[in-house]
Amino acid sequence: MGGAQEIKDVTIPLEMLVMKTLVSHDSPANALPKFRAGLKGLRSAYRYNNSGAPDYSERHSRGAYALAFYPHHVMAYAHMFARAGLGNLGLNGGPVRVVVLGAGPGSEILGLLHVANCLDWGELELEIALVDKEPGWKNSHPTTLARAGSEILGSAIEPKSFDILDFNTAQGLIGLQGAVSDSDLVLVPMLLSETDGRGQPGKITDAIFSAMPAKSRLVISDIATYAADDAGLASLQGMRQDCQLIWSENIVHPCQDSHTDLKKYLYMPHYEVPRNDGLIRRTTINMRTAIFSFG
Ligand SMILES: C[S@@+](CC[C@H](N)C(=O)[O-])C[C@H]1O[C@@H](n2cnc3c(N)ncnc32)[C@H](O)[C@@H]1O
């Protein structure tokens, strides 16, 4: 293990990579309005529809997410994992079987491997299982994991599996438990606010907590206003006798405002979000994370 170094900001290379991919099959003039519309849809789903989730079966919604959310999420997760530290994540030695529930483009995996690189955590040997209800994300992974990994880490990220499960169905919950029970580390990144909601125990948290195997870690991250407060975390922890809340923190991650070239390219700065037909600027990600250990 080396000494602490800086966590390099990779927002701009990731945005440029996604942008190049999005316009690779069409001219920017044709493609960009569709992704702007996709972004508008995402923003209004997240802003106004507390109980609902955007429809990621739409290609332009996934593209808009990859462009406007994923690079910032990678950085927010990198900073969060850095603060949580290797010990709390239980990442001593490998290979570590990591399952991501609601992985989408896989922001959290790139964030984890990026921070491991920057902070010289040594070679992290991860066996990565991704799970999501939306099969279309498979088309994003060659960009958001393979090419992004090559560019940012020096080698492509290749998940071992990508399983399609809808956790709002009985069958999806059974599949979730199968995936979780075979893991060392389970990541639940920005999923529960779209499903169980507000950090209270629900069907999905129940299923996860009951399936966590001995000596495993569970990392739940969510938008701070939706995530569990201290009482909520205590009630989650109380779901199992052998469960301990070992770390919990709020991360307010500033989104950079220095994308001059990208602004020109996009015509509309991607970090400006449509609201009431006007524009407001996205400045921060406010994310709360809790880490639980089992057994
Ligand atoms: C906000 S995105 C998070 C993506 C990524 N983990 C990140 O943090 O950038 C939420 C993800 O959860 C998935 N999702 C939402 N509801 C789900 C459900 N009922 N079952 C499985 N996946 C679900 C969505 O398809 C989407 O990819």
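Where pLDDT is low, the predicted coordinates should not be read in detail.

I noted that this is a predicted model, in which local features need pLDDT of at least 70, side-chain atom pairs count only at pLDDT 80 or more, and totals for chains, interfaces and linings use all residues. I count residues from 1 along each chain as its sequence is written.

Next I looked up the whole chain. Its mean pLDDT is 85, and 85% of its residues reach 70 or more. I found 10 helices and 9 strands, which are DSSP runs numbered from the N terminus (helices H or I, at least four residues; strands E, at least two). Of the 295 residues, 40% count as buried, meaning that 20 or more other C-beta atoms lie within 10 Å of the residue's own; exposed is 12 or fewer, partly exposed is in between, and C-beta atoms are placed from the backbone.

Then I turned to Arg59, which lies in helix H3 (residues 59-68). Arg59 counts as partly exposed because it has 15 C-beta neighbours inside 10 Å. Its C-alpha atom is separated by 7.3 Å from that of Gly136, 77 residues apart along the chain.

Of the 23 residues around the ligand, Gly102, Gly104, Ser107, Lys133 and Phe167 come nearest. Helix H4 (70-89) and helix H5 (107-118) each supply at least two residues of the shell.

Conventions: pLDDT is the predictor's confidence in each residue, from 0 to 100. A residue is near a molecule or strand if its C-beta atom, placed from the backbone, lies within 6 Å of it.
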